[in-house]
Amino acid sequence: MSEPRRLAGRGPADALREAALDRLDDCRAAGVDPSLATVLVSDDPADRAFMDRKHDLCSEVGIDSRRVDLPPDAPAERVYRTVADLGADPAVTALFVQIPLPDHVDESEVRRRVPPEKDVDCFHPENVGRLVAGDPRVRPVTSRAVDRLLDAHDVTVAGRDAVVVGRGTAIGVPLAHLCCRRDATVTVCHSRTRDLAERTRAADLLVTAAGTPGLIDGSMVSPGVVVVDVSVNRVDGGVVGDVDAESVGERAAAVTPVPGGVGPLTMACLLDNVVRVSAAGAGVEVGGQSG
Ligand code: NAP
């Protein structure tokens, strides 16, 4: 088979970033200055690096941002209080909490403390409910990024047999919902799936978000499959996805590169969500499509 089409994210990410900056101008013209606060409960260098990128992005475009990094053994009550205090601060217009959280911290308690109107990643249960009910206030950044990536490259989703590997609440579940909303027939796989290869070979759209390098190789995909590799796994100083790019590339019709695929669009979607949520929270209308 010939080389697969490369579903690059940088071009569409640049376009979305420009649109987000226009919306930021509208927002500021209306007297609203977005301000993002983030909470991380981890000392993992990879988690910290992801968080660095979010704050670098804000500083690149002149958005004020505040960062609270807590150690992984921070008492649960301290985590809940930190999120609640940031949520209640009128200077904070957008709030992001990085998951996974340590085991002793109840994720549901944290979700409930993010004010729905400041939630930039569809984290509060009310926003999750609205998303599933088809009336989203805010869409999860990573699935929004995949949505845009597929559109930017004219990938048809309707009618496909989509297999999503990963059922994490922040990534896998919203991706499965996205594929379903776009009229694919969806199978969700996870660590208890009995025969993963049998499932993935049945896919003509394969979306991976397992966080496991080399999980999917060429023997596990069918010729002509479109592969969206969402995972960002740090190995030996580099970054790889879940998919063995070489062997899968020999059979796939199209693949997202890692890095340079979903990642750049995720950052652009985060920026856009920060602007949109900040504007909406202040009752300001900003232009552009809702996608
Ligand atoms: P997560 O919550 O840990 O979820 C991982 C999922 O993968 C779980 O559902 C797990 O199954 C499943 N899984 C793990 N090993 C598996 C295996 N061998 N076979 C089948 N399923 C397996 O992780 P996450 O937060 O969703 O993140 C997933 C990946 O996305 C990570 O690499 C992360 O870095 C990346 N990410 C990318 C972006 C981006 O912009 N591209 C943004 C955020 C995160 P169980 O549920 O059974 O445990």
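Guide: A polar side-chain atom of T212 lies 3.5 Å from a nitrogen atom of the ligand; a polar contact is a pair of N or O atoms within 3.5 Å. The side chain of S231 has an N or O atom 3.4 Å from an oxygen atom of the ligand. For V232, a polar backbone atom is 3.2 Å from an oxygen atom of the ligand. Taken alone, the ligand exposes 940 Å², and the protein buries 71% of that; such areas come from the Shrake-Rupley method with a 1.4 Å probe.

This is a predicted model, in which local features need pLDDT of at least 70 and side-chain atom pairs count only at pLDDT 80 or more, whereas totals for chains, interfaces and linings use all residues. Residues are numbered from 1 along each chain as its sequence is written, and side-chain values use heavy atoms, with hydrogens and water left out.

Around the ligand there are 22 residues, of which R167, H190, S191, V230 and T266 come nearest; a residue is near a molecule if one of its heavy atoms lies within 4 Å of it. This shell consists of ten nonpolar residues, eleven polar and one charged. Here Ala, Val, Leu, Ile, Met, Phe, Trp, Tyr, Cys and Pro count as nonpolar, Asp, Glu, Lys and Arg as charged, and the others, Gly among them, as polar. Helix α10 (residues 262-281) supplies the largest share of the shell, three residues; helices are DSSP runs (H or I, at least four residues) numbered from the N terminus.

Conventions. Polar contact = N/O pair within 3.5 Å; in protein donor to acceptor, adjacent residues only side chain to side chain. Helix = DSSP H or I, 4+ residues; strand = E, 2+ residues; numbered from the N terminus.
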